[in-house]
Amino acid sequence: MNNPELGWCEPHSHHRFCSRHLAANFGKEFKKGHIKDRIVPLCSQLTGHKFSLHWNVLVAAEPRAQQWFADKPLSRWALAYDEGKRFGIMTTNIAESWNRAIKVARKLHITALVKSIFHKLFDRDNWVFTVTTMKRGQKGGNEQIVRLMEGICTCNKWQTFHIPCSHVLAYCAKQNLEYKCLVRRKKGTRYKNEMDFQVSGRNKGTSSGGASSRIP
């Protein structure tokens, strides 16, 4: 990330930490109860004031946390101080879901790979795709139509927040939307990692995708 010859340095790109991986690393260092569960809510606060409240609770529970975070710039892991680079995305779920979606296509030659990805994503004639909200009890299960070239979505959130087209899928994933393309209409999943298995083993029936702003 820091090698200027590779082109991954600012201002060409911006390095940010996944909050779930950060929490896992913190948990390996400090094995005090469920203290690592405070990390994701800490990272996800939108204002400096709320961030400070969560931070003070964490340091009170584990004073060594202050030293552990000393070499980790706030802009890389705290949403309140991300300088507008994260668009609210705090995990690598989107990349993992995308890896799963093109698992087979990755074995193809580059031209075939690009064509496969293109056909998975879009209605070639109209540049239209859909997302379906996840069903949660009586809520969810709604289908939204995104017209990429027109910059509009039936949920009206794209127009309201002026999210660039390259972040449409990211925004939908953050809002617990499940991607489904018009061409194949195949439900996408992502690879499960160590943290998923840890969460499912200890907290069955709960979700690890969201972060509450409430201080535990």
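1. Start with A24, which lies in helix α1; helices here are DSSP runs of H or I with at least four residues, strands are runs of E with at least two, and both are numbered from the N terminus. A24 has 16% relative accessibility and therefore counts as buried. For this note, buried is under 20% relative accessible area, exposed is over 50%, and partly exposed is in between (1.4 Å probe, protein chains only). A24 and I39 sit 15 residues apart in sequence, with 9.0 Å from C-alpha to C-alpha.

2. A word on the ground rules. This is a predicted model, where local features need pLDDT of at least 70 and side-chain atom pairs count only at pLDDT 80 or more, while totals for chains, interfaces and linings use all residues. Residues are numbered from 1 along each chain as its sequence is written, and side-chain values use heavy atoms, with hydrogens and water left out.

3. On confidence: pLDDT is the predictor's confidence in each residue, on a scale from 0 to 100. The protein averages 74, and 67% of the residues score at least 70. Residues 163-167 have a pLDDT below 50, and beyond near neighbours in sequence this stretch has eight contacts in the model. Residues 203-216 are also below 50, with 16 contacts in the model beyond near neighbours in sequence. Contact here means heavy atoms within 4.5 Å.

4. Now the overall make-up. The secondary structure comes to ten helices and four strands, and from the N terminus the elements run α-α-α-α-α-α-α-β-β-β-α-α-β-α. Of the 216 residues, 32% count as buried. Take the contacts between residues at least 6 apart in sequence: 53% of them join residues at least 24 apart. The accessible surface is about 14,100 Å², with 54% of that belonging to carbon and sulfur atoms; areas come from the Shrake-Rupley method with a 1.4 Å probe, and for residues only the protein chains shown count as cover.

5. Back to α1 for another residue. S19 is placed in helix α1 too, and S19 counts as buried because its relative accessibility is 2%. Setting aside residues up to four places away in sequence, S19 touches I39, V40, C43, M90 and T91.

6. Helix α3 is worth a look in the viewer. Its 14 residues (48-61) should span 20 Å at 1.5 Å a residue, and the end C-alpha atoms are 20 Å apart, which agrees; the expected span is 1.5 Å times one less than the number of residues. Which residues of α3 are buried? They are F51, H54, W55, L58 and V59. Seen down the axis of α3, these fall within an arc of 135°, so they line one face of the helix; the arc is that of the directions from the helix axis to the C-beta atoms. An α-helix has 3.6 residues a turn, so residues three or four places apart point the same way. On the other side of α3, H49 and A60 are exposed. The cover over the buried residues of α3 includes α1 (19-29), α2 (39-43), α4 (65-68) and α5 (74-77).

7. F69 is in contact with L22, F26, I39, W55, L58 and W77, leaving aside its neighbours within four places in sequence.

8. Last, the loop between α5 and α6 (93-101), where E83 is found. E83 has a positive phi of about 60° although it is not a glycine, and E83 is exposed, with a relative accessible area of 54%. F87 is in the loop between α5 and α6 as well. F87 has a positive phi of about 55° and is not a glycine either; at a relative accessible area of 42%, F87 is partly exposed. I'd check both backbones by eye.

9. A80 is found in that loop between α5 and α6 too. Buried or exposed, or partly exposed? A80 is partly exposed, at 24% relative accessible area. A80 and S44 are 36 residues apart in sequence but 7.4 Å apart in space, C-alpha to C-alpha. Apart from neighbours within four places in sequence, A80 is in contact with Q45, L46, T47 and G48.
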